[in-house]
Amino acid sequence: MNSTKRSASKLVLMTCGMFCFGFALVPIYDVFCDITGLNGKISGPTFTSYDQAIEIREVQITFVTSNNNKMPWSFKSASPQMRVKTGEDYLMNFTFKNTTDKPMIAQAIPSVSPGRGARYFHKTECFCFEQQFLKAGESITVPVKFIIDPELPKNIASLALGYTLFDVTEEFANLQALN
Amino acid sequence: MKINLKSILTIILGIFAPLSFSAWSDINMEPGATQLSQEIFGLHMFVFYVCLVIGVIVLAAMAFILFQYRRKEGVKPAEFDDSKTLELTWTILFALILIGLSIPATKVMIKAYDDTEGEINILITGHQWKWQYEYIEDEVGFFSNLSTSLDKRNNLAPKDENYLLEVDEPLIIPVNTRIRFLITANDVIHSWWVPDFAIKQDAIPGFVNTGWTYVSEPGVFRGQCTELCGQYHGYMPIVVKAVSPEEYASFIIGKKEAKIQQALLTEKLWEKSELVTIGEDIYQKNCVACHQVSGAGLPPIFPALVGSDIVLNGKERQIEILMEGVQGAAMASYAEQLTEVEIAAVITYTRQAWGNDEAGDGRIVLPKEILDYKNNKL
Amino acid sequence: MSAVIESNHDDHHHGPAKGFSRWLYTTNHKDIGSMYLWFSLIMLFIGGAMAMVIRAELFEPGSQIVSPEFYNQMVTNHGLIMVFGVIMPAFVGFANWMIPMQIGAPDMALPRLNNLSFWILPAAFGILLSTFFMEGGAPNFGWTFYAPLSTEYAPPTVTFFIFSVHIMGASSIMGSINIITTILNMRAPGMTLMKMPLFVWSWFITAYLLIAVMPVLAGAVTMMLMDIHFGTSFFKAAGGGDPVLFQHIFWFFGHPEVYIMILPAFGIVSHIIETFSRKPIFGYSSMVYAIASIALLSFVVWAHHMFTVGMPIAGELFFMYSTMLIAIPTGVKVFNWLSTMFKGSLTFETPMLFSIAFVALFTIGGLSGIMLAIAPADFQYHDTYFVVAHFHYVLVPGALFSLLAGAYYWLPKWTGHMYDETLGKTHFWMSFISVNLTFFPMHFVGLAGMPRRIPDYSMQFADWNMMVSVGAFLFGLSQLLFLFIVIKCVLNGKKATAEVWEGAKGFEWTVDSPPPYHTFSSPPSMETLKA
């Protein structure tokens, strides 16, 4: 009977282990995405210098701004597209406008496509993962500064930087209420 | 037993004899309109034939065994139960076949992942339950809704060839141009599929996915949403029209002019009847799914508009609902999807239809009021 | 109350109690096995009724009998019920009946846990089905419940759905713990692992798969629950989460789950083919290794369900190659079955007919699986009826046919009565014809471009869909015949002998039909199998 107990408890332990593993998949996935650029969410490691031997080339950058469901703000980049040289600093302005008559908090979530290009898209200044708090009718212009890594694979000639604007007023209000 | 089987077969044949299965395109993929789709079609046919040959060999061998080794008087079954050489042989054989399949598959895969420049970039956004197209360079865009009438869907009118595959405004692209699609979604996950381009790309909220195409002949290409996205998942088709570059250019100019025109429209003086006519059309396209043609809705999820206090009195709340949506309910914001004129018209329509004009204050809403709302002056 | 427990305690030594308490309190593997089998049969008819609604709606283009919203509820619950309420519990029922008898054990190792793992199952499905009567309706987001459709955009009943999935998972996990423990500790002396019957082997591996992935599913639904009610952002992009992560976690569970539903079928079919070929199974050890390698591979192929989410090319290629690898052990199994029949002395009783159909039609399902594995081609197949055809070919003439074959094979043993062979064969031919009529044309409409999970379709798909619907109605009807056959067999079938089938091997054929309430109070000897 003892051996039965032993096998059963080992299996129970395994079950608990796999339950935890399910949750561990969340950070594992993040790490995996960091390495592979799987979901286009990361920006490459801080960009310092690059091998001068690599040829400088031109890349087409497309800026995409979209609002998530029920988000009434207007949200636009200063221009939809630009051509950039790899290894040089560039800046693009994004304008948020709260078109409603109440104060709101919004958050823009970035995404780079194709995903495997994400790690070569270095944002040196960005509003990613920052909330924008705007009063009724207020508007704000925020820059994104970026450098395209010269090591960007040859067969990627164009990158798209997308921002999706989410209304996080409620979530954020809840957070503040908690604090 | 025999009579049973025979009668079953007769019934089956009887049912299907009148059906005609003529077109090849009814039973197989089509080569499509782009080089990529044709290569994928070729790959599909190659893999299909390999599988067909394997299938036929296995099933024929099986049929032979079943017939040959059925129990016979005086024949004893063999007793072998193992043969390492035989097992090793077919394991290696399977591996070789798979390698043979994976080589062309890898080649086509690499072609499908082409990230060279797009001459025209189009942003595709999936909404519950329609597609939005924006021409990024030209900063014009529109929504594309199913245009099949409810009568057809409810079997009250005859269905035609493009039943459920037709939209009010197709996506227009020029031929002989490299077009890059940037695909995202506004609410839940959708998937943009045009079989003739061999593009099937999930549209995921918060993500931008890429697809590209290069069409060399003008034509109309139809597709559908392929990711379950809620109740009207089956009713958000895609129609792409490839036209000559000249035609495309005039289409874009037209769109830009319409955009300017739109701004003018909002300043014009409107008649009630004009608004009601436009509003009814908008209502049929955007609202009937939930609020129904009769305005009775499907309570409790989709409230009735007939006799609703919001629709009868004080138009401010109704404007707000149209512009902001309702938090925690199915009602979405239409601020981005409809023009000022359209929103004003559809509100006016609901306040005039179904006897609401008698029961309520019957006030009309002007496009200007919507513009004002947008500009926060209300 | 105490009287009941006492009498129950006594029965433990002498035989079953009378009335309902026998079933409620039973710890006997045969009673529990029967309950599992009856439960899954009932669920088969409920899930089948939903399939009938789906096919009625799709009989012709145009809105037919239900609203698109209710159609989605039907699609979702048909999937959930068939997977978690029919195929899985039915295999557990077989495991309960047959594993102790095949390894010469008196009962399962953990009999009380066994009782619990069955009885929470009706509760789980009671909860799931009760959502049909709640405000907002039943789950409508597909059995794969992708976020955010199943979180932010779900009907309020999603919480009940999550609770119900938790209970189903708990039931499967407890069942698996029991099965592994039984196999590890209660085999007859001399029965080494590599002498175990293949059904036992297949369940041994399946149970490990269940323990590995059901907790991950539980984790996934827990994350959903937290996103919905506690403000976390596992799958919400706005809070830094990722809806694609849901798909990764789901399919990390989901793909092994697919094999959970087919591996025990391999075991059952191997026994039946061996018996009716009157020849030992060909390549026993490679059969075992094939099952084990399919199980292992199932952990590294999950993203082939997600070729269109926008993975980098390296990911696409990796999952394409790993998926193709699965064809090797699967092919080995098919060839081994054919070699078992080769030079045998074949007879075609109902279990054998179902098993032959299994091998043939499973091969078709496997070949369409290879086509689906080809990532670039999958861009065209993904989420069309081609996929629906593929997985129904492996689950209906695959898993379900093996269950029917197993039921006919062991019914005489379980009940002590023979079933009606003529009716059995009629049932087979009706099922065989209608299953192909139902699912084969789905390949065509899928390739022609019909997406799955749509309540209405364009005119070009009309002819084939009508044929599919007629096939489905006929298939549904055929299964009512099965119910009749089972009831007839239980009530007044001919008396069955202990051996039942000429040439059947294994401990279960050495005991009476039906076996005594407690079999093998002293372990049987391996010698009895030699003859």
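Chain C of this predicted model has an average pLDDT of 92, and 97% of its residues reach at least 70. Residues 1–12 of chain C stand apart from that average, with pLDDT under 50 throughout. For the model as a whole, the scores are ipTM 0.91 and pTM 0.87.

**Confidence in chain C**
- The stretch 1–12 of chain C, where pLDDT stays under 50, has 7 contacts beyond four places in sequence in the model.

**Contact between chains A and C**
- Chain A contributes 30 residues to this contact, and chain C contributes 32 residues.
- On the side of chain A that touches chain C, two or more residues come from each of helix 1 (2–36), strand 5 (104–113), strand 9 (158–167) and helix 2 (169–178) of chain A.
- Helix 1 of chain A gives the most to that side, with 17 residues.
- By residue class, the side of chain A that touches chain C holds 16 nonpolar, 12 polar and 2 charged residues.

**Fold and overall form of chain B**
- Chain B contains 12 helices and 10 strands.
- The radius of gyration of chain B is 29 Å, whereas the globule rule gives 21 Å for 378 residues; the value is well over the rule, so chain B is more spread out than a compact globule.
- Taken along the principal axes, the box filled by the C-alpha atoms of chain B is roughly 100 × 55 × 40 Å.
- Among the 378 residues of chain B, 39% count as buried.
- Of the contacts in chain B between residues at least 6 apart in sequence, 65% link residues at least 24 apart.

Note on methods:
Residues are numbered from 1 along each chain as its sequence is written. Chains are lettered from A and ligands numbered from 1 in the order in which they are written. This is a predicted model: local features need pLDDT of at least 70, side-chain atom pairs count only at pLDDT 80 or more; totals for chains, interfaces and linings use all residues. Two residues are in contact if their C-beta atoms, placed from the backbone, lie within 7 Å. Helices (H or I, at least four residues) and strands (E, at least two) are DSSP runs, numbered from the N terminus. Ala, Val, Leu, Ile, Met, Phe, Trp, Tyr, Cys and Pro count as nonpolar, Asp, Glu, Lys and Arg as charged, and the others, Gly among them, as polar. The radius of gyration is taken over C-alpha atoms; the globule rule is 2.2 Å times the number of residues to the power 0.38. A residue is buried if 20 or more other C-beta atoms lie within 10 Å of its own, exposed if 12 or fewer, and partly exposed in between; C-beta atoms are placed from the backbone. pLDDT is the predictor's confidence in each residue, from 0 to 100.
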